[in-house]
Amino acid sequence: MTTRNNEQLKNFTHILSHNIRNHASNMVLLSTLIDPEKLDEDNAQLFDKMKDVSNGLNATLEDLSKAIKIKDHVVQSEQLDFRVVTEKVLNIFGTDLNMNNAEVFLEFDEETVLFPRVYLESIVTNLVSNTVKYRNPSEQLRIILKSYKNRQGKTVLECRDNGLGIDLDLHRKKIFGLYKTFHNHKDAHGVGLFLVKTQIESQGGHIEVESTPGLGTAFKLIFNEQG
């Protein structure tokens, strides 16, 4: 019975990630074919609201699909160079970092890790994105990305910033929850840290956080390398 229920649940998640997303994508596509200039004022306002709802539905299904795929698929690990992966991600954020006059320090004492490439790139992307998104406007943005071995001999990737910080007394238990946000930022969706936690835990590792409001945050990814 358990096996059958698990199989039914898996089939349902595939329906969610494929069939329903197709409908949502089609709604977004159809909305782009309508010319708002040809609508009267009342209908134009309703159409704008419909577009917002349609785009929101599509984004929600996309987020859930990513989470489902992490749980449902076995991905291959490979020996990855921290500096190569990080510099690739930093290049994507080059404009944002330059506009904010950010200082970025790379300290990779441990050069490589055995881990799926797509997950590591996603993790670094989300962590760097958060440093930019939740920077302290009164301070020059400072980001430190470093790797090392901890006392247990595990490889650690640490991302530390001097941003707004998080009150862990209030938010520690929900910091990695889906759609949980802690600052009033227009681009905050509460998905990034949920994905980071899900990705590292899917490979047997875990994540730790240190943060002080107004002083910044440090996320530590502890890897469980398995050949």
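Student: Which residue forms a salt bridge with Glu158, and how should I read such a pair?

Tutor: Side chains of opposite charge can pair when their charged atoms come close. In this predicted model, Glu158 forms its salt bridge with Arg160, and the closest N and O atoms are 2.9 Å apart. Both residues also belong to a network of salt bridges that links Lys146, Glu158, Arg160, Glu210 and Lys220.

Student: Is Glu158 buried or exposed?

Tutor: Glu158 has a relative accessible area of 3%, and because buried means under 20%, Glu158 counts as buried. Arg160, at 30% relative accessibility, counts as partly exposed.

Student: What does the salt bridge between Glu110 and Lys149 tie together?

Tutor: Their side chains meet at 3.9 Å, N to O. Glu110 lies in the loop between β2 and β3 while Lys149 lies in strand β4, so the pair ties together parts that are 39 residues apart in sequence. Lys149 also forms a salt bridge with Glu225, again with the closest N and O atoms 3.9 Å apart, and this pair links strand β4 to the segment after β7, 76 residues away.

Student: Which residues touch the most other members of the largest nonpolar core?

Tutor: In soluble globular proteins, nonpolar side chains tend to be buried together. Here the largest nonpolar core has 30 residues, of which Phe115, Leu120, Leu157, Leu221 and Phe223 touch the most other members. The largest share of this core, 7 residues, comes from α5. Leaving aside its neighbours within four places in sequence, Phe115 is in contact with several residues, among them Leu80, Leu120, Ile123, Ile200 and Phe223.

Terms used:
Residues numbered from 1 in each chain as written. Predicted model: local features only at pLDDT ≥ 70, side-chain atom pairs only at ≥ 80, totals over all residues. Heavy atoms only, no water. Core = buried A, V, L, I, M, F, W, Y, C linked by side-chain atoms within 4.5 Å. Buried < 20%, exposed > 50% of the residue type's maximum accessible area, 1.4 Å probe, protein only. Helix = DSSP H or I, 4+ residues; strand = E, 2+ residues; numbered from the N terminus. Contact = heavy atoms within 4.5 Å. Salt bridge = Lys/Arg side-chain N within 4 Å of Asp/Glu carboxyl O.
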